[in-house]
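Please read the following report alongside the sequence and the coordinates. It takes up side-chain pairs first, then individual loop residues, and ends with the confidence of the model.

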Amino acid sequence: MDRQWADVRRQREQDEQRRAEVERRQRELRQRTTVGSAAGWTLNYSTNLLEIPPRANDLFDPQKQTYTTIWHSRQHGEQVVM
């Protein structure tokens, strides 16, 4: 019987940890900001998911006459770029 109670207690602790992790992620996703570009667009995004390094915002390509903005994943670092 003691083993069953220990298993039940362990399961409850794991469930509580999962709930706490879900709540933490949801709180992070609610932290948002709006960014604008020299090209004229704006975007509201989660600051915990994406990052625009200042040096990568609106890089002008004179040959193509276009702007490029580089976004990095906060979760995956500079390996993931949009």
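Arginine 10 and aspartate 7 are 3 residues apart in helix H1, so about one helical turn separates them. In this predicted model, their side chains meet in a salt bridge, with an N to O distance of 2.5 Å. Both partners are partly exposed: arginine 10 has a relative accessibility of 43%, and aspartate 7 has one of 34%.

A search of the whole structure finds 4 salt bridges, and one of them joins aspartate 15 to arginine 18, whose closest N and O atoms are 2.7 Å apart. Here too the residues are 3 apart in helix H1, which means a separation of about one helical turn. Aspartate 15 counts as partly exposed at 26% relative accessibility, while arginine 18 is partly exposed with a relative accessible area of 48%. Arginine 24 and glutamate 21 also form a salt bridge through their side chains (2.4 Å, N to O), and they too lie 3 residues apart in helix H1, about one turn of the helix. As a general point, side chains of opposite charge can pair when their charged atoms come close.

## Aromatic pairs

The search of the whole structure finds 2 aromatic pairs. In one, the rings of tyrosine 45 and tryptophan 71 have centres 4.9 Å apart and planes at 85°, so the pair is edge-to-face, given that planes over 60 degrees apart count as such. Because tyrosine 45 lies in strand E2 (residues 42-46) and tryptophan 71 in the loop between E5 and strand E6 (72-73), the pair ties together parts that are 26 residues apart in sequence. Tyrosine 45 and tryptophan 71 are both buried.

In the pair formed by phenylalanine 60 and tyrosine 67, the ring centres are 5.0 Å apart and the planes stand at 55°, so this pair is tilted. Phenylalanine 60 is partly exposed, with a relative accessible area of 41%, and tyrosine 67 likewise counts as partly exposed, at 42% relative accessibility.

## Two glutamines in loops

Glutamine 31 sits in the loop between helix H1 (2-30) and strand E1 (32-36), and it is partly exposed, with a relative accessible area of 43%. When its neighbours within four places in sequence are left aside, glutamine 31 is in contact with Tyr45, Ser46, Thr47 and Asn48. Tryptophan 71, by comparison, is 40 residues from glutamine 31 in sequence and 17 Å from it in space, C-alpha to C-alpha.

Glutamine 65 belongs to the loop between strand E4 (59-61) and strand E5 (66-68). Its phi is positive, at about 60°, although the residue is not a glycine. At 57% relative accessibility, glutamine 65 counts as exposed, the cut-off for that class being over 50%.

## Confidence of the model

The protein chain has an average pLDDT of 81, and 90% of the residues score at least 70. Among the elements of the chain, H1 has the highest mean pLDDT, 87, whereas strand E7 (residues 77-81) has the lowest, 65. Where pLDDT is low, the predicted coordinates should not be read in detail.

Definitions and conventions. Residues are numbered from 1 along each chain as its sequence is written. This is a predicted model: local features need pLDDT of at least 70, side-chain atom pairs count only at pLDDT 80 or more; totals for chains, interfaces and linings use all residues. Side-chain values use heavy atoms; hydrogens and water are left out. Helices (H or I, at least four residues) and strands (E, at least two) are DSSP runs, numbered from the N terminus. Buried means under 20% relative accessible area, exposed over 50%, partly exposed in between (1.4 Å probe, protein chains only). Contact means heavy atoms within 4.5 Å. pLDDT is the predictor's confidence in each residue, from 0 to 100. Rings of Phe, Tyr and Trp (its six-membered ring) pair if their centres lie within 6.5 Å; planes under 30 degrees apart count as stacked, over 60 as edge-to-face and the rest as tilted.
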